[in-house]
Amino acid sequence: MKEDRTMSKFKLLTDGLVKNNPTFVLLLGMCPTLATTTSAINGLSMGLATLFVLVLSNMAISLIAPVVPDKVHIPVYIVVIATFVTLLQFLMQAYTPAMYETLGLFIPLIVVNCIVLGRAEAFANKHGVGESALDGIGVGLGFTCSLTVLGLVREILGSGSAFGWSFTGGADGMLAFVMAPGAFLCLGYLMVLFNKFLKKNS
Amino acid sequence: MAAKSNLTNMVLVLGLVCLACSAVLGGAYVITKAPIEAAAAAKTQAAVAQVLPHFETLEYNADNHYYTAKDGEAVVGYAIESTVVGFGGPLSLMVGVTVDGVVYNTSVLSHSETPGLGAKCSTDAKFMDQWRGFDPAVKKLSVKKDGGDVDAITASTITSRAYTLAVENALKVFDGLEQDVVVPEEEPLTDEGGQDNE
């Protein structure tokens, strides 16, 4: 029984990473995914910002869910999520101003990221604090990894560098990959690869 | 899971949740206020330090958006904020002008130019370096295509023109300072594609 529980906890973490990967499988949160992944660093930071909000809002919502009347649960959840996003905004502005400058526009949009409200609705309001936190970490890491990979591929093809480290000696990359069309193309091909890999392993 | 809804508990829960959230945010605002201001000040300081020689104190003039940099009592130069319309949106520069009216250096505060093309205005060394010590009395302040002395970024003439206009506007502000006249800092950039604008 005890082993069963640890197994399921481990499964909570990995589900978000692979089986329920928000980007490549559920296709949620496409706006930040396409817009912020112009480089690996940007993708990584956007992913971590979402992870922060996701874990905290999952925990808070799992705590208050039993007393929230059904008819007003969406507004209550949105207020809770918006609070954490604003908190994150203050913190980034104060301690990582450079990062805030790059991602600033997209941070408030985390409020309407379907992943966050989606996990609150589908998981956190039916489970305990610990499990909700784990679920938040799993899904958040899944989102972070996907965004980092997508950002890395676009940065390598588009700017000829990886994590800001240039390996082409100043030569230009394929510009299209830094712009919107490249985002769609990369996302499409990565999705194909990811799902092919999933099928082979199941 | 969720409790059954009635008017009392709906109002009560929503009210309490909003109250708790605003309390948290109010607290966070108070705590982060000082660091946020410090970060903004550090950013300005760094931006000015990039475009002017060594200085000790800064004074901001909010009407004309410029900083007066002083070393002791002597004025080292002026760092003038200048915003024009670029190719993809507003292009904001910090232009450092020394007291003799020569551009000391320029830096980009913010831009929304096309990555890899116009965005080079903040990374391209060749383009950036030509502004170092640019003397408007000697060189003509417009891009070579328009008969001036400014080397444009390849394939980004509109951005280069905007950049040049921003420097020109900053110099106008500087001229206004010398004569103690208030000069409008921003001029709309009309007919971006035309060859004979200016």
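How many bridges pair S2(B) with S3(B), and in which sense do the two strands run? I found 6 bridges, and the pairing is antiparallel. My cut-off for calling two strands paired is at least two DSSP bridges between them.

**Ground rules.** I am working on a predicted model, where local features need pLDDT of at least 70, side-chain atom pairs count only at pLDDT 80 or more, and totals for chains, interfaces and linings use all residues. Residues are numbered from 1 along each chain as its sequence is written, while chains are lettered from A and ligands numbered from 1 in the order in which they are written.

**Chain B overall.** I looked up the elements and got 3 helices and 5 strands, in the sequence pattern α-β-β-β-β-β-α-α. Helices here are DSSP runs of H or I with at least four residues, strands are E runs of at least two, and numbering goes from the N terminus. Of the 198 residues in chain B, 31% come out as buried. Buried means 20 or more other C-beta atoms within 10 Å of the residue's own, exposed means 12 or fewer, and partly exposed is in between, with C-beta atoms placed from the backbone.

**The sheet.** I traced the strand order as S1-S2-S3-S4-S5 in chain B, an open sheet with antiparallel pairing. S1 and S5 of chain B are the edge strands with a single partner each, so one side of each has no neighbour in the sheet. On average, neighbouring strands are turned by 20 degrees against each other, direction ignored. The axes behind such angles are lines fitted to C-alpha atoms (for helices, over the stretch in contact), and angles between N-to-C directions run from 0 to 180 degrees.

Then I went through the strands pair by pair.

- S1(B) pairs with S2(B) over 5 bridges, antiparallel, and Thr57(B) has Lys70(B) in S2(B) as its bridge partner. Their hairpin has 4 residues between the strands, with His65(B) in the turn at a positive phi of about 55 degrees.
- S3(B) and S4(B) run antiparallel and are joined by 9 bridges; Ile80(B) sits opposite Val95(B) in S4(B). This hairpin also has 4 residues between the strands, and Gly89(B) takes a positive phi near 150 degrees.
- S4(B) and S5(B) share 6 antiparallel bridges, with Gly96(B) opposite Asn105(B) in S5(B). In the turn of their hairpin, Gly101(B) has a positive phi of about 85 degrees.

Is S1(B) buried or in the open? The number buried among its 5 residues is 0, so S1(B) lies largely in the open.

**Helix H1(B).** This helix covers residues 7–51 and reaches 62 Å from first C-alpha to last, close to the expected 66 Å. The expected span is 1.5 Å times one less than the number of residues. I also found a kink of about 45 degrees at Thr32(B), shortly before Pro35(B); the bend is the angle between axes fitted to the seven residues ending there and the seven starting there.

H1(B) lies across S1, S2, S3, S4 and S5 of chain B, at about 145 degrees to S5(B). Its buried residues are Val13(B), Val17(B), Cys21(B), Val48(B) and Val51(B). They pack against those five strands of chain B and also against helix H4 (73–95) of chain A.

**The contact with chain A.** Chain B puts in 23 residues and chain A 29, where contact means C-beta atoms, placed from the backbone, within 7 Å. The chain B side divides into 17 nonpolar, 4 polar and 2 charged residues.

Key:
Contact = placed C-beta atoms within 7 Å. Nonpolar A, V, L, I, M, F, W, Y, C, P; charged D, E, K, R; others polar.
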